[in-house]
Amino acid sequence: MKHLPTDENICCNDVIQYIFDLNKLDIEIYQILKKIKKTRPQTLSKKLSRERSTIYRSLQKLTKAGLCIKKINKIKTGGYYYTYEINNSEKIKKNLEHCIENWYKKMKDTLQEL
């Protein structure tokens, strides 16, 4: 089990990484999305010099965690492509608070069993 730092150097990314079991690449992509607002996986692949499949896996994890949103964009001549953007910061905050509260309740219930 990963440990969340308990010293004064803890930051929001540490909490997000721990709660949603993200790796460094996932957090790096999250940070990029925060800056550029909206992008395609191919753009991230080139920017980070990573395989597109690796980028897609990270984006899937971020989407599942509620940190980003996957949107479909139609091409006028036919076809479509996906873009990803960061989720609303209030929604992310509420989701994190909910996860932390659930974790705390489970830990308290577990301690009662001792």
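What follows is a chat about this predicted model.

Q: Let's start with the helices. At what angle do α3 and α4 pack?

A: About 115 degrees, with the axes 9 Å apart. Helix α3 covers residues 41–48 and helix α4 covers residues 52–64.

Q: Why quote both an angle and a distance?

A: Because two packed helices are described by the angle between their axes and the distance between those axes.

Q: Which residues make the contact?

A: On the α3 side you have P41, Q42, L44, S45 and L48. From α4 come R52, I55, Y56 and L59.

Q: And how does that contact of α3 with α4 split by class?

A: Six nonpolar residues, two polar and one charged.

Q: What does S45 touch, leaving out residues up to four places away in sequence?

A: R50, E51, R52 and I55. Two of those names, R52 and I55, also turn up on the α4 side of the helix contact.

Q: Switching to the backbone. What is the phi of S49 like?

A: Positive, about 55 degrees, although S49 is not a glycine. S49 has its place in the loop between α3 and α4.

Q: Buried or exposed, that S49?

A: Exposed, at 66% relative accessibility.

Q: What about K37, what's the phi there?

A: K37 has a positive phi too, about 75 degrees, and K37 isn't a glycine either. You'll find K37 in the loop between α2 (24–36) and β1 (38–39).

Q: Why does K37 count as exposed?

A: Because K37 has a relative accessible area of 53%, and exposed means over 50%.

Q: OK, rings now. How many aromatic pairs does the count come to?

A: One aromatic pair. Y80 and Y82 form it, and the arrangement is edge-to-face. The ring centres are 5.6 Å apart, with 75 degrees between the planes.

Q: Why is that pair called edge-to-face?

A: Because the planes of Y80 and Y82 are 75 degrees apart, and over 60 counts as edge-to-face.

Q: Which residue lies over the face of Y82?

A: K70 does, at 4.1 Å from the ring centre. Y82 itself is partly exposed, at 28% relative accessibility.

Q: And what lies over the face of Y81?

A: R40, at 4.0 Å from the ring centre.

Q: Is K24 buried or exposed?

A: Exposed, with K24 at 72% relative accessibility.

How values were computed: Residues numbered from 1 in each chain as written. Predicted model: local features only at pLDDT ≥ 70, side-chain atom pairs only at ≥ 80, totals over all residues. Heavy atoms only, no water. Phe/Tyr/Trp six-rings, centres within 6.5 Å; stacked < 30°, edge-to-face > 60°. Buried < 20%, exposed > 50% of the residue type's maximum accessible area, 1.4 Å probe, protein only. Lys NZ or Arg CZ within 6 Å of the ring centre and 35° of its normal. Axes fitted to C-alpha atoms, helices over the stretch in contact; angles between N-to-C directions. Helix = DSSP H or I, 4+ residues; strand = E, 2+ residues; numbered from the N terminus. Contact = heavy atoms within 4.5 Å. Nonpolar A, V, L, I, M, F, W, Y, C, P; charged D, E, K, R; others polar.
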